[in-house]
Structure formats: structure tokens, C-alpha cells
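Look at the sequence and the model below.

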Amino acid sequence: GDSRTWIPYFMSANHCISNQTVASTMETLWNYRSSSCNGSSTDSTYQRLTGGATLLWTKGMSSSSDSSNLDTSFFQLNDEVPSNIYFAGWSSNTISNGTMTGVHNPSGNLTKISFGSYSGDRYTCWSTGDTSFSCSESSSGSFYLIEYSDGGTEGGSSGNKALLEHMKT
């Protein structure tokens, strides 16, 4: 295989980790999920790694409706990832339609999964406070609206919850 494709890259929100000092203290939880569907016991393959990461790129969110707002940080983990982890594929193509799947650990809880589809709408979003933001439809926006068919995004998952709630009101 091509060893360049096994680099442990990781993404998070800029409002969670926005500088190297914080990235150096980053912890990652692997297989932090229940051992059975809707169970409360942690999977036996769970691992906590504390080696931090190297911040490679970050872009915050300003209080203006600038379409370049991203709220994203991109890292290379300093730890080797556990051997039972699959690396996610990606594409730089613009999303045009299709089914979406979200996997997240809301408020530090065991893994949750959500299913939905891309609505066809793009949005520009901007900060309106420390823990809030606002959005408007924009063909040049960096955010997508996902309509859930099963599940949702809880607080603490940083991302779709506030956008979806904003769009539904």
C-alpha cells in the first residue's frame, strides 16, 4: 500500500481547538461506543490516547457574514491510531446530493449515529456570541444543511445542531 495515505489526520472545530498550545494537549478517544445497540457498557476495544497533535491549518468564524467563515481546524495526530481503526476516505468534490451519515460523541457520551440527506442548500454562517451563530442561504456558503431522517446532533457535538435548529425556526 501507499504509506502516504495512512497519515493520522484529524479535523475538529476551530472554536474547540484553535492553536498549537491547545492541540499539544489534545486527547482522542477511539471506539468510545457501547458494546451493544443502545447499550451503556463501553466497547472492550476502547482506547484513550493523550499524545496531542500538530496543528496544520485552522480557520475561525468571525462576526461578519463573510463566506470564508469555516470554524475548522486540521491536525496530524502525534500518536499512532489503534490498529482496529479504519481511515475515512474523502473527496474535494462539492456535495450535490445524496445520503449523509454523522458519527459523533455528544457532550462526551458514547458514540451516536445519525442519517440524513443533503437538502441542496448552502449557507454562510457567522458568530453572534461565544456559543451561538446565525446563518443565511448563500450559493457561495461553506456550510450545508442536512435534513435528518433518523437521529440528530446533540449539544456538545459542535456542528450541525445549531445550524439545523436555526434553519427549522
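Helices (H or I, at least four residues) and strands (E, at least two) are DSSP runs, numbered from the N terminus. Residues are numbered from 1 along each chain as its sequence is written. The model is predicted: local features need pLDDT of at least 70, and side-chain atom pairs count only at pLDDT 80 or more.

**A loop residue and a strand residue**

Asp43 sits in the loop between strand E2 (28–30) and strand E3 (47–49). Tyr9 belongs to strand E1 (residues 9–12). Buried means under 20% relative accessible area, exposed over 50%, and partly exposed in between (1.4 Å probe, protein chains only).

| Residue | Relative accessibility | Class |
|---|---|---|
| Asp43 | 15% | buried |
| Tyr9 | 43% | partly exposed |

Contact means heavy atoms within 4.5 Å. Beyond residues up to four places away in sequence, Asp43 touches Asn31, Arg33, Ser34 and Ser35.

**The cores**

A nonpolar core is a set of buried Ala, Val, Leu, Ile, Met, Phe, Trp, Tyr and Cys residues joined through side-chain atoms within 4.5 Å. The largest has eleven residues, including Ile17, Trp30, Leu49 and Phe75. Strand E4 (53–59) and strand E5 (72–77) each supply at least two residues of this core. A second, separate core has five residues, among them Tyr123, Cys125, Cys135 and Leu145.

Back to Leu49: apart from neighbours within four places in sequence, its contacts include Met26, Trp30, Val81 and Pro82.

Technical notes
Side-chain values use heavy atoms; hydrogens and water are left out.
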